[in-house]
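Me: I would like to learn how to read a structure like this one, feature by feature. Could you walk me through it?

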Amino acid sequence: MNSQSFYFFSLLSLFSSLILIHVPQGSSNPDEFYQTCGKTYSCGNITGLSYPFRSVNDPPFCGYPGFELNCNQDSSTTMVLNNINYRILNVHPTTQTIRILREDIMESTCPVDLVNTTLDYSLFDYAAGYTNLTFLYNCPVSSDFAGMDGIACTNSKYHNIFVLPGAVGPGKCNASVTVPVLQMSAATVGSLNSSGLGQVLQEGFDIRWKLDSKVCSDCTGKKGRCGYDEYLKQTTCFCPGPPYESTSCSVDAFGYLPPLPISIPSPSPGKCSCFPN
């Protein structure tokens, strides 16, 4: 075999190896992905979360894009959806639902940021059983609002604020913001005072994530660990041995019993347990 043929077959062999053993971007050590993504997210009352979620301090390959969680100083968990910051009240992985609350109404009866509540519908949708409320700001004194009680909003520079059921535009008012709440009738909405409205808003609303869980279930069923392939832009399975990344791990990949996912309680408020010191 001449030198040119040897060079050609060497390149072909290398290319074939790269196809068979695809290593995710970010490291030359494929076992690192399996080890790193074995840790679960725990912060305050939100505990034991794994893929598709990850901490903002975790490597991107440990979670699906759009599911980043932030552990705050008060041990609350927040996430950003369509540029709006939300408080996570609880998560139910079996039903793939999350109860969330807009951060800008945590200390106010009305939304402070005049932005409608929207979702990335490629990832999330509203769960069954919700009602839209529309806040109208700086409304004129007119017959359109006769018989309606205005809402006193704390931390707001706006006046003459009214709340209507449904998603409607500002009309004659200066601005409008639509916020989902747990399901209620239009009559109930009309009877709410500022205090009652605040309580309804603080309960948040439910959304569900739309990712197919089968790939991840198959992965964990074979003792692999779910992650995100940034090259293929899809859920993948990290294994402790070759092929390191696949749809699921072969039993042959384990020369030992793989360690279980680790969940380490936060040592102090605001410290996420995703990376032990």
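This is a predicted model: local features need pLDDT of at least 70, side-chain atom pairs count only at pLDDT 80 or more; totals for chains, interfaces and linings use all residues.

Me: How many helices and strands does the chain have?

Reply: Helices (H or I, at least four residues) and strands (E, at least two) are DSSP runs, numbered from the N terminus. Here the chain has five helices and 15 strands. Of its 277 residues, 42% count as buried; buried means under 20% relative accessible area, exposed over 50%, and partly exposed in between, with a 1.4 Å probe and protein chains only.

Me: In what order do the seven strands of the open sheet run?

Reply: Strands of a sheet pair through backbone hydrogen bonds, either parallel or antiparallel. Two strands count as paired if DSSP finds at least two bridges between them. In this model the order is E3-E4-E5-E6-E7-E12-E8, with mixed pairing. Strand E3 (54-55) and strand E8 (124-126) are the edges, each pairing on one side only. For a close look, take strand E4 (residues 68-71) and strand E5 (residues 77-81), which pair in the antiparallel sense over two bridges. Asn-70 has Thr-78 in E5 as its bridge partner.

Me: How many salt bridges are there?

Reply: Side chains of opposite charge can pair when their charged atoms come close. The rule asks for a side-chain nitrogen of Lys or Arg within 4 Å of a carboxyl oxygen of Asp or Glu, and the count by this rule is six. One of them joins Arg-87 and Glu-103, whose closest N and O atoms are 2.7 Å apart. That pair links distant parts of the chain, 16 residues apart: Arg-87 is in strand E6 (residues 84-92), and Glu-103 is in the loop between strand E7 (97-102) and E8.

Me: Is Arg-87 buried or exposed?

Reply: Arg-87 is buried, because its relative accessible area is 17%. Glu-103, at 24%, is partly exposed. Another salt bridge brings together the side chains of Arg-102 and Asp-104 at 2.9 Å, N to O, and both of these residues are buried.

Me: Which parts of the chain does the pair of Asp-125 and Arg-208 tie together?

Reply: Asp-125 and Arg-208 form a salt bridge with their closest N and O atoms 3.8 Å apart. Asp-125 lies in strand E8 and Arg-208 in strand E12 (residues 205-209), so parts 83 residues apart in sequence are tied together. Asp-125 is partly exposed at 23% relative accessibility, and Arg-208 is partly exposed at 35%.

Me: Which residues are closest to the centre of the second largest pocket?

Reply: Rolling a probe the size of a water molecule over the atoms shows where empty space is left. On a 1 Å grid over the protein atoms alone, a pocket is an open set of points where a 1.4 Å probe fits, with protein on both sides within 12 Å along at least five of seven lines; lining residues have an atom within 4 Å of a point. The second largest pocket holds about 230 Å³ of space, the volume being the space filled by probe spheres set on points joined across faces, edges and corners. Of its 15 lining residues, Asp-149, Val-163, Val-189, Gly-190 and Leu-192 are the closest to its centre. Strand E10 (162-165) gives the most to this lining, with four residues.

Definitions and conventions:
Residues are numbered from 1 along each chain as its sequence is written. Side-chain values use heavy atoms; hydrogens and water are left out.
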